[in-house]
Amino acid sequence: MAEKFDHLEEHLEKFVENIRQLGIIVSDFQPSSQAGLHQKLNFIVTGLQDIDKCRQQLHDITVPLEVFEYIDQGRNPQLYTKECLERALAKNEQVKGKIDTMKPADSRTF
């Protein structure tokens, strides 16, 4: 499964680099760089096609919408997992406390 993500990550990195280079070409555009601009645009189109091909391999993956909210807020999406685990642990402790209070007094351990 990790191979699928590695493949997608590789294509995304290439795509981001091509976009960065396109930005450089466009920001300092000269008529003589027209051929380079067309070539870079073709690389971007090809990159999008490669990314779309990866989509077929990852169709069964779901990402919680909250992860995208974290990204939109400029937060690290790995914090989502950490905070979910912390909330689950806190809830587990809360439920454990309730269970302990409902146990008969003679079966409680101190």
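Entry 1, the surface. I am working from a predicted model, and I began with the nonpolar side chains on its surface, where Val63, Leu65, Phe68 and Ile71 form a patch with about 390 Å² of accessible area together. I then took up one of these residues, phenylalanine 68, and found its place in helix H3, which covers residues 65–72. I noted phenylalanine 68 as partly exposed, because its relative accessibility is 42% and the class lies between 20% and 50%.

I looked up how the protein is divided and wrote down domain 1 as residues 1–61 and domain 2 as residues 63–103. The C-alpha centres of domain 1 and domain 2 are 35 Å apart. For a pair of residues I took isoleucine 25 and leucine 85, which are 60 residues apart in sequence and whose C-alpha atoms lie 45 Å apart in space.

I checked the length of H2, which runs over residues 34–57 and has 24 residues, and its span from first C-alpha to last came out at 36 Å, close to the 34 Å expected at 1.5 Å a residue. Which residues of H2 are buried? I listed Leu37, Lys40, Ile44, Gly47, Ile51 and Cys54, and I noted that the buried residues of H2 pack against helix H1, residues 2–27. As a reminder to myself, an α-helix has 3.6 residues a turn, so residues three or four places apart point the same way.

Leaving aside residues up to four places away in sequence, asparagine 18 touches Lys40, Phe43 and Ile44.

Isoleucine 19 also lies in H1, but I recorded it as partly exposed, with a relative accessible area of 38%. I looked up its distance to leucine 41, which is 22 residues away along the chain, and the two C-alpha atoms are separated by 8.8 Å.

Isoleucine 25 is a further residue of H1, and with the neighbours up to four places away in sequence again left out, I found that isoleucine 25 touches Ser33, Gly36, Leu37 and Lys40.

Notes:
Residues are numbered from 1 along each chain as its sequence is written. This is a predicted model: local features need pLDDT of at least 70, side-chain atom pairs count only at pLDDT 80 or more; totals for chains, interfaces and linings use all residues. Side-chain values use heavy atoms; hydrogens and water are left out. Domain bounds come from an automatic or database domain assignment. Helices (H or I, at least four residues) and strands (E, at least two) are DSSP runs, numbered from the N terminus. The expected span of a helix is 1.5 Å times one less than its number of residues. Buried means under 20% relative accessible area, exposed over 50%, partly exposed in between (1.4 Å probe, protein chains only). Contact means heavy atoms within 4.5 Å. Patches are made of residues with over 30% relative accessible area and no salt bridge: like charges are joined within 9 Å, nonpolar side chains (Val, Leu, Ile, Met, Phe, Trp, Tyr) within 5 Å. Accessible areas come from the Shrake-Rupley method with a 1.4 Å probe; for residues, only the protein chains shown count as cover. A salt bridge is a side-chain nitrogen of Lys or Arg within 4 Å of a carboxyl oxygen of Asp or Glu.
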